[in-house]
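Hi,

Here is the structure I promised to send you. Have a look at it first, and then read on for what turned up.

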Amino acid sequence: MRVFRRLGAVCLGGVFALGQAPFDLWALALAALVGLLYLARRDTSARSAGWTGWLFGAGYFALSMHWIVEPFAVDAAATGWMAPFALVGLAAGLALLWAAAFWVGRRLHHGMFGIVLCWAAIELARAYILTGFPWGLVGYVWAPTPLAQWHSVIGPHGMTLLTLALAAMVACVTTARTVKFGLIALGGIILLWAGGTIIAPPVQDLDGRPIVRLIQPNAPQHQKWDRDFIPMFFNRQVEFTAQLPKPDLIVWPETAVPNLLDNAGPALEVIADAAAGTPVVLGIQREEQGRYYNSLVTLDGTGQVAELYDKHHLVPFGEYMPAAALFARFNILGLATRAEAGYSAGPGPALIDLGSLGTALPLICYEAVFPQDVNGAPTRPDMLLQITNDAWFGINAGPQQHLVQARLRAIEQGLPMIRVANTGISAMIDPAGRTVGAIPLGRAGFLDVPLPSKRAPTLYSRTGDWLALTALIVAFATLLLWKRRNPIDPAEPDA
């Protein structure tokens with residue numbers, strides 16, 4: 001029986017992963033979450049609960065993040081052997097966090113709500129500890145539904161706590177006395193669904209709004225830095241830039257220019273000539289005193305660099321190597337590094353001035369995954385601007401999940417987002433997370449699309465993660481107070 005329960009936890013984790021893009025089977029994923037919590041309430045010890053959490057997490061992360069093998073296949077001869085270790089290590093490692101939540105939660109309370117609170121807390125911690133990795137948070141299961149609009153109120157971690165609480169209430173339904181919990185959860189979902197449709201800002205009339213040109217060269221990663229292909233991809237972007245009529249802004253993707261910034265003068269002149277006076281935002285690498293940076297620059301109408309931003313939240317093992325000297329002994333190097341220890345980090349979030357369009361918060365690739373980084377802008381911008389090279393992650397789940405998280409950042413901040421990706425998906429996203437226009441995955445092209453205006457500051461943009469943290473502290477305090485007044489902790493929540 002124990003073997004079947006353990007196997008069931010792994011399978012439920014895989015089903016829960018189907019709630020993420022590109023599947024978006026949110027209802028099936030929620031059913032799996034309810035099933036998991038029902039299993040967990042049958043665990044009679046903290047150790048058993050920990051195994052349930054770990055197995056569920058391993059199944060979830062292995063399927064939802066299977067795209068992690070794609071970067072290692074770019075140079076399969078050199079790094080292909082690392083792919084299975086990366087997938088297994090990532091899934092098993094992240095699952096340990098969920099195992100810890102289940103273990104502590106069971107020791108805290110024999111019902112499910114101790115697990116719910118610890119799980120929500122560990123998901124919040126996952127966004128911060130060891131530089132953070134908040135990919136595929138539990139609350140993202142609502143992304144295809146109107147409930148995603150509640151990100152603007154309680155943020156992603158509030159959504160995780162809410163999701164787990166609702167699932168636990170449904171999982172409590174085993175007797176006639178506990179049907180009320182399921183009815184409350186169902187009513188809550190209906191009200192939240194309706195509320196999401198109400199709080200979403202209306203579709204804007206975009207007539208007369210500034211026009212932004214999204215440039216997507218579609219350079220596969222194994223060809224992007226190949227000397228035989230570099231001119232083709234560069235000229236393709238120049239050709240798209242030169243098309244008439246001219247927009248108000250042109251945006252190229254991450255590392256779009258093959259030269260270091262200090263050596264890119266001739267290339268930037270070519271771009272400026274093609275733009276014919278239109279400002280251009282583009283990704284480029286630069287070197288300063290032996291340090292390399294993954295950067296974004298804006299070119300004015302004369303081709304001069306008007307704004308410069310250096311990426312500050314780097315990808316571990318991709319853009320920099322923790323303990324680089326140690327890993328180098330085993331010939332394990334970063335995937336996208338120029339120097340031994342990879343890129344250097346910029347000073348932090350900063351705004352760039354786009355003239356008549358307003359100010360933008362630049363986000364380079366991975367930075368759009370972190371809600372707290374987006375919330376950490378020095379002042380509120382008029383838009384978010386993400387450039388990325390998702391070619392590292394193929395043309396399936398990885399880029400689509402990245403787009404979903406970009407949409408949620410727009411909702412959280414009540415800001416439009418300009419998103420330009422090397423191989424896709426390039427898109428203009430409005431403050432409600434709706435896609436105004438997009439270039440599909442794996443297609444070269446450009447798109448002229450109007451820039452939506454921003455909405456009023458959202459509650460989440462004002463409070464950040466403090467609201468979710470406060471809710472967790474209050475909930476933990478309430479649970480501990482209840483335990484103190486009820487020293488005999490029942491094995492079942494309906495007892």
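Before we start, one term: two residues touch, or are in contact, when they have heavy atoms within 4.5 Å of each other. Also keep in mind that this is a predicted model.

Let's begin with Trp119. Not counting residues up to four places away in sequence, Trp119 touches Leu33, Leu36, Leu37, Phe56, Trp98, Ala101, Phe102, Val138 and Leu164. Trp119 also belongs to the largest nonpolar core, which has 57 residues. Along with Phe16, Leu33, Leu37 and Trp98, Trp119 is among those with the most contacts inside that core. Several elements give two or more residues to the core, including α1 (2-17), α2 (26-40), α7 (113-126) and α17 (466-485). Apart from this core lies another, of 22 residues, and Leu385, Ile387, Val449 and Leu451 are among them.

Next, a helix pair. The axes of α8 and α9 come within 8 Å and cross at roughly 155°. Angles over 145 degrees count as roughly antiparallel, so that is how α8 and α9 run relative to each other. Their crossing is left-handed. On the α8 side the contact includes Val153, Leu162 and Leu166, and on the α9 side it includes Phe181, Ile184 and Leu192. By class, this contact has 11 nonpolar, 2 polar and no charged residues.

Last, a loop residue. Leu25 sits in the loop between α1 and α2. Is Leu25 exposed or only partly exposed? Its relative accessible area is 39%, so Leu25 is partly exposed. Leaving aside neighbours within four places in sequence, Leu25 is in contact with Leu18 and Gly19. The C-alpha atoms of Leu25 and Trp142 are separated by 9.7 Å, with the two residues 117 residues apart along the chain.

Cheers

Note on methods: Residues are numbered from 1 along each chain as its sequence is written. This is a predicted model: local features need pLDDT of at least 70, side-chain atom pairs count only at pLDDT 80 or more; totals for chains, interfaces and linings use all residues. Side-chain values use heavy atoms; hydrogens and water are left out. A nonpolar core is a set of buried Ala, Val, Leu, Ile, Met, Phe, Trp, Tyr and Cys residues joined through side-chain atoms within 4.5 Å. Buried means under 20% relative accessible area, exposed over 50%, partly exposed in between (1.4 Å probe, protein chains only). Helices (H or I, at least four residues) and strands (E, at least two) are DSSP runs, numbered from the N terminus. Axes are lines fitted to C-alpha atoms, for helices over the stretch in contact, and angles run from 0 to 180 degrees between N-to-C directions. Angles under 35 degrees count as roughly parallel, over 145 as roughly antiparallel, 65 to 115 as roughly perpendicular and the rest as oblique. A crossing is left-handed if the near helix is turned anticlockwise from the far one by less than a right angle, and right-handed if clockwise. Ala, Val, Leu, Ile, Met, Phe, Trp, Tyr, Cys and Pro count as nonpolar, Asp, Glu, Lys and Arg as charged, and the others, Gly among them, as polar.
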